Amino acid sequence: MKRLFIGMGVVIALTVGLSGCGDMAKTTYNGPDYVMFADTMSLFPVQNSQDYFTVPVASTVACDYDRTFAVEVDEKASNAIEKKHYVIESNTVTIKAGERAADLKIRGIYENIGKTDSLSITLRLVSNDETRWDIYGTKTRVEMMKSCPFDLNVFTGWCKVSSSFYQNYMNNIDFRLIQTEIDKEEENTIIMHDFFYKGYDLKLKFDPSDPMEPFVEMEDQILGSTSEVFGTIYGNGKLMVKQPTIYTSYYNVCQTFVLQYITVYVKDVDTVGTYINILEWISDEEAERLQAGQN
């Protein structure tokens with residue numbers, strides 16, 4: 001769910017400070033005037049139906065006159081429907097005199113986007129052959145996702161925990177049902193009771209500062225005992241868990257789940273392994289049904 005900028009960012013960085021169009025031509029750049037979308041792909045969260053997000057259009061040079069370009073929607077390459085899922089403020093974009101970039105504005109319609117919808121818009125910039133750079137083309141793909149307002153309360157109550165750890169060390173377990181509650185001492189943190197083993201609670205912290213980066217993090221904590229897991233005592237007897245730095249763990253408010261990577265280890269002994277957890281918050285009725293099935 002991280003913001004994607006692919007392709008053109010490098011090109012724009014190289015052309016900053018360069019100009020060569022009309023009376024504003026400088027000796028620093030004598031190449032052609034290319035116009036293109038600044039990114040070949042981008043991902044935007046739709047948080048409400050009032051905010052616009054921007055799709056930048058850039059030029060390799062600045063000119064001494066305004067330049068206006070039409071923008072078309074490639075409907076065959078898009079599954080989002082205009083005026084249902086999104087609205088484009090204008091089907092033209094104007095790069096002002098003396099400037100090298102302008103923004104096309106799009107507004108997602110929050111109430112018409114489902115929690116699990118995967119929507120995309122393919123846009124095409126209408127330009128002359130002389131301003132078209134074949135290496136990058138004239139299209140960009142915009143993906144939209146519904147971004148529900150952060151609410152820590154949706155991550156409390158019954159939670160269904162699935163983990164790749166079970167396959168190696170917890171035989172005959174497909175999932176665990178646990179109870180979670182808000183930690184009253186630490187901000188944006190929940191307590192997950194009896195996470196893997198009875199008597200061992202874990203804390204999980206949510207970062208709601210950027211909807212494009214809905215990350216969760218976990219400090220080093222005790223997951224269980226080595227005797228319970230391995231049948232003997234290793235090191236200090238404590239099985240530890242921490243958040244690996246090479247993988248990103250994240251949450252989804254709309255769908256009330258967390259995808260989390262954990263590294264299990266014994267201090268001063270060795271690393272047991274890195275595993276993936278899927279945490280899904282469910283209703284009391286669903287929890288009752290799953291408990292009945294387990295019994």
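Trainee: Hi! Among contacts in the protein chain between residues at least 6 apart in sequence, what share joins residues at least 24 apart?
Mentor: That share is 61%, where contact means heavy atoms within 4.5 Å. This is a predicted model, where local features need pLDDT of at least 70 and side-chain atom pairs count only at pLDDT 80 or more, while totals for chains, interfaces and linings use all residues. Residues are numbered from 1 along each chain as its sequence is written, and side-chain values use heavy atoms, with hydrogens and water left out.

Trainee: Okay, how many helices and strands does the protein chain have?
Mentor: The protein chain has four helices and 19 strands. Both are DSSP runs numbered from the N terminus: helices are H or I with at least four residues, strands are E with at least two.

Trainee: What's the strand order in the open sheet of four strands?
Mentor: The order is β1-β3-β7-β5, with antiparallel pairing; two strands pair if DSSP finds at least two bridges between them. β1 (35-37) and β5 (86-88) are at the edges with a single partner strand each, so one side of each has no neighbour in the sheet.

Trainee: And how many bridges join β3 to β7?
Mentor: Seven, between residues 52-59 of β3 and residues 101-108 of β7. Tyrosine 52, for example, stands opposite arginine 107 in β7.

Trainee: What about the open sheet of five strands, which order does that have?
Mentor: That one goes β2-β9-β8-β4-β6, and the pairing is mixed. β2 and β9 (residues 139-146) pair in the parallel sense over six bridges, and serine 42 has valine 142 in β9 as its bridge partner.

Trainee: Switching topic: how many salt bridges does the structure hold?
Mentor: Eight. A salt bridge is a side-chain nitrogen of Lys or Arg within 4 Å of a carboxyl oxygen of Asp or Glu.

Trainee: Which residue does arginine 67 form a salt bridge with?
Mentor: Aspartate 33, with the closest N and O atoms 2.9 Å apart. Arginine 67 is in strand β4 (residues 67-73) and aspartate 33 in the loop between α1 (9-15) and β1, 34 residues apart.

Trainee: Are those two buried or exposed?
Mentor: Arginine 67 and aspartate 33 are both buried. Buried means under 20% relative accessible area, exposed over 50%, and partly exposed in between (1.4 Å probe, protein chains only).

Trainee: Which salt bridge does arginine 124 make?
Mentor: Arginine 124 meets glutamate 72 at 2.4 Å, N to O. Arginine 124 is partly exposed at 29% relative accessibility, and glutamate 72 is partly exposed at 37%.
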